[in-house]
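This briefing goes through one protein model, topic by topic. Keep the structure open while reading and find each residue as it is named.

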Amino acid sequence: MPLAQTCEAFEAKGVGLHTGLWCEVSVRPSTEGGIVFLHGGERVPATWDRVTKTQWATTLGRLGTIEHFMAALHGLHIDHAEVQVEGPELPVLDGSSQQWVDRIRAVVLQTEAPVLVVDRVIEARNGERWMRLEPGDFELDVTTDFPVVGRQRFVTSDFREVAWARTFGFRHYIEPMRAQGLIQGGTLETALVYDDDGPMNPPRAPDEVVRHKVLDLFGDLALVGSRLQGKVTAVRPGHGLTRTLLQLLMDPD
């Protein structure tokens with residue numbers, strides 16, 4: 001059984017991706033209780049059943065855009081922490097998980113982390129988009145297919161290969177999304193943006209888009225509340241489809 005880890009206390013500040021409002025985060029080590037957010041006077045466990053919205057980001061209770069932070073914790077095998085948040089969402093920072101990773105220093109504790117061993121095949125589908133969870137060692141096999149970007153695929157179990165991949169978007173979506181109150185804090189410094197001719201700012205890698213989708217998947221799968229031992233195959237995944245997959249896994253009835 002692998003050892004659980006927590007982290008030394010650290011802070012992060014910045015604007016939120018969608019609200020554009022100032023947000024402050026303070027993370028403290030904990031020896032039990034998993035990952036718990038302290039937000040708006042409530043204690044909100046970071047578990048799939050506390051997810052309230054999945055459009056454009058993962059919202060836990062009333063706290064938005066948690067996936068990049070959760071991905072960093074998951075990728076560094078941090079299973080226990082208390083996270084105090086002031087603001088409506090977590091800071092976007094550079095649009096990836098890398099600045100979260102840079103703030104986290106893993107410290108091994110003599111406690112055991114729960115492991116959830118996948119013992120059956122589970123599928124979630126929405127038209128041409130689908131995800132499958134099956135027995136095996138932990139591995140994420142993700143395929144994306146976007147206009148202009150094209151089809152990309154990436155397979156890994158190592159978070160370091162995707163931690164630096166930024167969120168991405170498309171120029172023709174910007175004004176409609178902002179009219180809905182979304183991506184108010186998004187800039188070319190915090191996102192890879194495509195127009196009809198290709199990327200408007202330099203990608204960090206040719207396949208940064210699919211790598212960011214893998215990053216998101218690390219974050220959303222952390223909401224199972226345990227170390228997941230199983231293989232995930234995902235074609236055109238999204239936050240809502242991942243939540244459906246976790247619900248089928250944890251609450252099949």
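Phenylalanine 168 is in contact with Phe146, Leu192, Val209, His212 and Lys213, leaving aside neighbours within four places in sequence. The model is a predicted one.

- Phenylalanine 168 belongs to strand S15.
- Its relative accessible area is 16%, and buried means under 20%, so phenylalanine 168 counts as buried.
- Between the C-alpha atoms of phenylalanine 168 and glycine 186 there are 9.8 Å in space, while the two residues are 18 apart in sequence.
- Leucine 192, one of the contacts of phenylalanine 168, lies in strand S16.
- Leucine 192 is buried as well, because its relative accessible area is 0%.
- The residues that leucine 192 touches, not counting those up to four places away in sequence, include Arg166, Thr167, Phe168, Gly169, Pro199 and Val209.
- One of them, glycine 169, is 23 residues from leucine 192 along the chain, with 6.4 Å between the two C-alpha atoms.

**The sheet of three strands**

- Strands S15, S16 and S17 form an open sheet in that order, and the pairing is mixed.
- Strand S15 (168-170) and strand S17 (198-199) are at the edges with a single partner strand each, so one side of each has no neighbour in the sheet.
- S16 (residues 192-195) and S17 run antiparallel and are joined by two bridges.
- Opposite aspartate 195 stands glycine 198 in S17.
- Helix H3 (residues 171-179) packs on this sheet and touches S15 and S16; the direction of H3 makes about 90 degrees with that of S15.

**The sheet of five strands**

- The order in this open sheet is S11-S12-S19-S13-S14, again with mixed pairing.
- Strand S11 (122-126) and strand S14 (150-156) are the edge strands, each pairing on one side only.
- From one strand to the next, the twist averages 5 degrees.
- Strands of a sheet pair through backbone hydrogen bonds, either parallel or antiparallel.
- S12 (residues 129-134) and S19 (residues 231-235) run antiparallel, joined by five bridges.
- In S19, threonine 233 is the residue opposite arginine 132.
- Helix H4 (residues 208-221) packs on the sheet and touches S12, S13 (139-146), S14 and S19; the direction of H4 makes about 130 degrees with that of S13.
- Helix H5 (residues 239-250) lies across S11 and S12, at about 145 degrees to S11.
- S13 and S14 also run antiparallel, with seven bridges between them.
- Valine 142 has phenylalanine 154 in S14 as its bridge partner.
- The hairpin of S13 and S14 has three residues between the strands, and valine 148 there takes a positive phi near 75 degrees.

**Nonpolar cores**

- In soluble globular proteins, nonpolar side chains tend to be buried together.
- The largest nonpolar core has 55 residues, and those with the most contacts inside it are Phe37, Phe69, Met70, Leu90, Trp100 and Leu223.
- H4 contributes six residues, the most to this core.
- Phenylalanine 69 touches Phe10, Val27, Phe37, Val83, Leu90 and Trp100, with residues up to four places away in sequence not counted.
- A second, separate core has six residues, among them Val149, Phe168, Phe170 and Tyr194.

- How many of the nine residues of H1 are buried? Eight are, so H1 is largely enclosed by the rest of the structure.
- The buried residues of H1 are Glu67, His68, Phe69, Met70, Ala71, Ala72, Leu73 and His74.
- H1 (residues 67-75) packs against H4 at an angle of about 80 degrees, and the axes are 7 Å apart.
- Angles of 65 to 115 degrees count as roughly perpendicular, and therefore H1 and H4 are described in that way.
- On the H1 side the contact is made by Glu67, His68, Met70, Ala71, His74 and Gly75; on the H4 side the residues include His212, Leu215, Phe218 and Leu221.
- By type, the residues of the contact of H1 with H4 are five nonpolar, five polar and three charged.
- Histidine 77, which follows H1, has a positive phi, near 60 degrees.

Conventions: Residues are numbered from 1 along each chain as its sequence is written. This is a predicted model: local features need pLDDT of at least 70, side-chain atom pairs count only at pLDDT 80 or more; totals for chains, interfaces and linings use all residues. Side-chain values use heavy atoms; hydrogens and water are left out. Two strands pair if DSSP finds at least two bridges between them. Helices (H or I, at least four residues) and strands (E, at least two) are DSSP runs, numbered from the N terminus. Axes are lines fitted to C-alpha atoms, for helices over the stretch in contact, and angles run from 0 to 180 degrees between N-to-C directions. Contact means heavy atoms within 4.5 Å. Buried means under 20% relative accessible area, exposed over 50%, partly exposed in between (1.4 Å probe, protein chains only). A nonpolar core is a set of buried Ala, Val, Leu, Ile, Met, Phe, Trp, Tyr and Cys residues joined through side-chain atoms within 4.5 Å. Angles under 35 degrees count as roughly parallel, over 145 as roughly antiparallel, 65 to 115 as roughly perpendicular and the rest as oblique. Ala, Val, Leu, Ile, Met, Phe, Trp, Tyr, Cys and Pro count as nonpolar, Asp, Glu, Lys and Arg as charged, and the others, Gly among them, as polar.
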